Amino acid sequence: PTYSETRSMVWQSVAAGANGIVFYEYADLLRNPDVSFVDAFGNLKSIAAELAKHAPVLLSDAGKAPSPVVASGDAGHDWLMTRAQWSDDKSQLYVLFVVSDGSGNGTVAFEFGDRAKFGCKTTLSVVRIMEFDPRAAVHAPQPQVNGCAFSDNVPLKAAAAYQVSFE
């Protein structure tokens with residue numbers, strides 16, 4: 001698989017609830033005639049480092065957070081996977097991991113209007129803390145916030161993470 005495919009598969013596993021990833025069969029990296037061992041191993045190291053960066057939130061005692069309402073227009077969003085985690089014990093900092101499973105892409109709105117679940121009174125503060133393509137020279141613009149919701153364009157086979165705080 002390509003770097004993008006491998007990265008997407010890893011983050012799909014995380015979105016589905018995995019708390020760890022094991023990359024297996026080191027020897028297979030030597031057998032791929034299309035990608036050098038150095039490049040293939042570098043790709044895995046890069047993905048593992050990205051995952052390790054987010055491990056404190058993914059393994060936090062603060063735990064799983066409620067998922068936002070996801071709206072993506074008329075097309076539906078069966079291709080979208082998410083995982084939500086509280087990153088603090090006071091339930092004020094929220095991290096949302098988002099990944100396209102490779103069968104779709106597009107603009108998606110994430111709504112946090114349920115005050116009982118999220119405590120959003122008037123607006124959100126949202127920062128993308130993991131880019132869709134970490135290797136890109138230019139990153140996508142930050143998501144658009146509208147009250148207690150935000151939207152972003154999710155590319156095919158891409159993963160991102162957002163830090164959300166409720167005001």
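Residues are termed buried when their relative accessible area is under 20%, exposed when it is over 50% and partly exposed in between (1.4 Å probe, protein chains only). The structure is a predicted model, in which local features need pLDDT of at least 70 and side-chain atom pairs count only at pLDDT 80 or more, while totals for chains, interfaces and linings use all residues. Residues are numbered from 1 along each chain as its sequence is written, and side-chain values use heavy atoms, with hydrogens and water left out.

Helices (H or I, at least four residues) and strands (E, at least two) are DSSP runs numbered from the N terminus. In H3, the buried residues are Ala-40, Asn-43, Leu-44, Ile-47, Glu-50, Leu-51, His-54, Val-57 and Leu-58. These buried residues pack against H1, H2 and the strands E2 (80-86), E3 (93-100), E5 (124-130) and E8 (159-166). The 22 residues of H3 reach 30 Å from the first C-alpha to the last, close to the 32 Å expected at 1.5 Å a residue; the expected span is 1.5 Å times one less than the number of residues. H3 bends by about 30 degrees at Ala-52, with Pro-56 following within four residues. The bend is the angle between axes fitted to the seven residues ending at a residue and the seven starting there.

In H1, the end C-alpha atoms are 18 Å apart, in agreement with the 18 Å that 13 residues should span at 1.5 Å a residue. Buried positions in H1 are Tyr-3, Thr-6, Arg-7, Ser-8, Val-10, Trp-11, Gln-12, Val-14 and Ala-15, and their cover includes H3, E2, E3, E5 and E8. Gly-17, which follows H1, has a positive phi near 120 degrees.

Ala-18 lies in the loop between H1 and H2 and counts as partly exposed because its relative accessibility is 22%. Beyond its neighbours within four places in sequence, Ala-18 is in contact (heavy atoms within 4.5 Å) with Ser-13 and Arg-83.

The largest pocket holds about 580 Å³ of space. A pocket is an open set of points on a 1 Å grid over the protein atoms alone, where a 1.4 Å probe fits, with protein on both sides within 12 Å along at least five of seven lines; lining residues have an atom within 4 Å of a point. Of the 20 lining residues, Pro-1, Thr-6, Tyr-24, Leu-29 and Leu-44 are the closest to the centre of the largest pocket. Helices H1 (3-15), H2 (28-31) and H3 (37-58) are the elements that give two or more residues to this lining.

How values were computed: Points joined across faces, edges and corners; volume = space filled by probe spheres on them.
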